[in-house]
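Thanks for coming. I will go through one structure with you, starting from a single residue and then moving to the helices around it.

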Amino acid sequence: MDTKLIESNPSIMMGKPVIAGTRISVELILEKLAAGETIEQLLEEYPRLTEEGVRAALDSVSQVPKSHS
C-alpha cells in the first residue's frame with residue numbers, strides 16, 4: 001500500500017482515513033464501489049481523486065488485521 005496516498009488527521013473528517021490532500025474518505029470510496037459505481041465514475045464525480053488514490057483505498061482495507069471471534 002502506498003501510505004503516502006492515505007492519511008489520517010484528527011482535524012480532517014474526524015480522523016477518518018482520507019485520500020491525501022482531499023476530504024475524500026476511504027469509507028466513501030468503498031461505499032460507492034460497493035453500490036456499483038465504477039472507478040471511472042468516481043474519477044468523474046471527484047476531480048481531485050486519482051485512480052492511484054482509489055487503488056490505495058482498496059489496498060488499505062486489505063491491510064486491516066482481521067479480528068478472530
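Start with Leu49, which sits in the loop between helix H2, residues 39-45, and helix H3, residues 51-62. Keep in mind that this is a predicted model.

Is Leu49 buried or exposed? Its relative accessibility is 5%, and the cut-off for buried is under 20%, so Leu49 counts as buried. What is Leu49 in contact with, leaving aside its neighbours within four places in sequence? The contacts are Ile19, Ile24, Ile29, Leu42, Leu43 and Val54. Take Ile24 from that list. Ile24 and Leu49 are 25 residues apart along the chain, and their C-alpha atoms are separated by 7.8 Å.

Next, helix H1, residues 26-34, where the buried residues are Val26, Ile29 and Lys32. These cover an arc of only 135° around the axis, so they are on the same side of H1. The cover over them includes strand E1 (6-7), strand E2 (18-19), H2 and H3. Just after H1 comes Gly36, with a positive phi of about 110°.

Last, H3. This helix has twelve residues, and from its first C-alpha to its last it reaches 17 Å, close to the 16 Å expected at 1.5 Å a residue. Which residues of H3 are buried? They are Gly53, Val54, Ala56, Ala57 and Ser60. Viewed down the axis of H3, the buried residues fall within an arc of 160°, and therefore they line one face of the helix. They pack against E1, E2, H1 and H2.

Conventions
Residues numbered from 1 in each chain as written. Predicted model: local features only at pLDDT ≥ 70, side-chain atom pairs only at ≥ 80, totals over all residues. Heavy atoms only, no water. Helix = DSSP H or I, 4+ residues; strand = E, 2+ residues; numbered from the N terminus. Buried < 20%, exposed > 50% of the residue type's maximum accessible area, 1.4 Å probe, protein only. Contact = heavy atoms within 4.5 Å. Arc of directions from axis to C-beta. Expected span 1.5 Å × (residues − 1).
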